[in-house]
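Hello,

Here is the structure I promised to pass on. Please look it over first; my notes on what turned up follow below.

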Amino acid sequence: MKKKPTYKTPVSICAIALVVGAIILAILMETRQMAPPRKYEVDMSGEVIGIDNGPKTPVFTKEEIEEKEVKEEKQQEEKPKEVAPKVEEPAEPEQPVIVPDVPEGQAEPSVKAPMPEIKKPTIDKIDY
């Protein structure tokens with residue numbers, strides 16, 4: 001009777017290779033130098049024009065500052081109005097909508113597709 005082959009050696013070699021690779025990858029990932037994040041200027045077609053070195057904080061014009069102040073004032077004015085109690089009217093219970101499968105006046109679909117003809121495959125002999 002033949003002895004069944006065991007795969008202990010190749011499996012252990014592969015396992016050792018994976019463990020060593022994982023350790024090396026972890027070391028390389030920890031020791032690499034990270035580049036600072038960059039923002040690129042891109043035109044409408046998606047091509048990179050250059051690196052955007054603009055200010056990180058938004059710079060507003062006088063008009064934009066005034067618009068912001070007006071929006072904030074409107075929000076503060078709207079808040080007291082919402083505090084007033086709201087009276088909810090009891091709504092009628094919604095009845096389910098019944099949609100027929102076939103439109104009214106038609107018993108069956110008016111257009112029927114013809115059955116396609118299925119031909120049996122033919123086997124041609126190849127001459128050598």
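**What was found**

Along the sequence, the protein runs α-β-β-α. That makes two helices and two strands in its secondary structure. Keep in mind that this is a predicted model.

Confidence comes first. The mean pLDDT of the protein is 79. A score of at least 70 is reached by 75% of the residues. Among the elements, helix 1 (residues 8–31) has the highest mean pLDDT, at 95. Strand 1 (residues 40–42) has the lowest, at 73.

Next, the surface. The protein has 128 residues, and buried residues account for 0% of them. Its accessible surface is about 14,700 Å². Carbon and sulfur atoms contribute 60% of that area.

Ile16, Val20, Ile24 and Leu28 make it, and it covers about 380 Å². Val20 sits in helix 1. Is Val20 buried or partly exposed? Its relative accessibility is 42%, so it counts as partly exposed. Buried would require under 20%, and exposed over 50%. Patch residues need over 30% relative accessible area, and Val20 has 42%.

The other patch is negative. Its members are Glu63, Glu64, Glu66, Glu67, Glu69, Glu72, Glu73, Glu77 and Glu78. Where does Glu78 lie? Glu78 belongs to helix 2, which spans residues 62–82. The relative accessible area of Glu78 is 45%, so this residue is partly exposed.

Over to you.

Best regards

How values were computed. Residues numbered from 1 in each chain as written. Predicted model: local features only at pLDDT ≥ 70, side-chain atom pairs only at ≥ 80, totals over all residues. Heavy atoms only, no water. Patch = residues over 30% accessible without salt bridge, like charges linked within 9 Å, V, L, I, M, F, W, Y side chains within 5 Å. Areas by Shrake-Rupley, 256 points an atom, 1.4 Å probe, with all protein chains shown as cover. Salt bridge = Lys/Arg side-chain N within 4 Å of Asp/Glu carboxyl O. Lys, Arg positive; Asp, Glu negative; His and termini not counted. Charge placed at Lys NZ, Arg CZ, Asp CG, Glu CD. Helix = DSSP H or I, 4+ residues; strand = E, 2+ residues; numbered from the N terminus. Buried < 20%, exposed > 50% of the residue type's maximum accessible area, 1.4 Å probe, protein only. pLDDT = per-residue confidence, 0-100.
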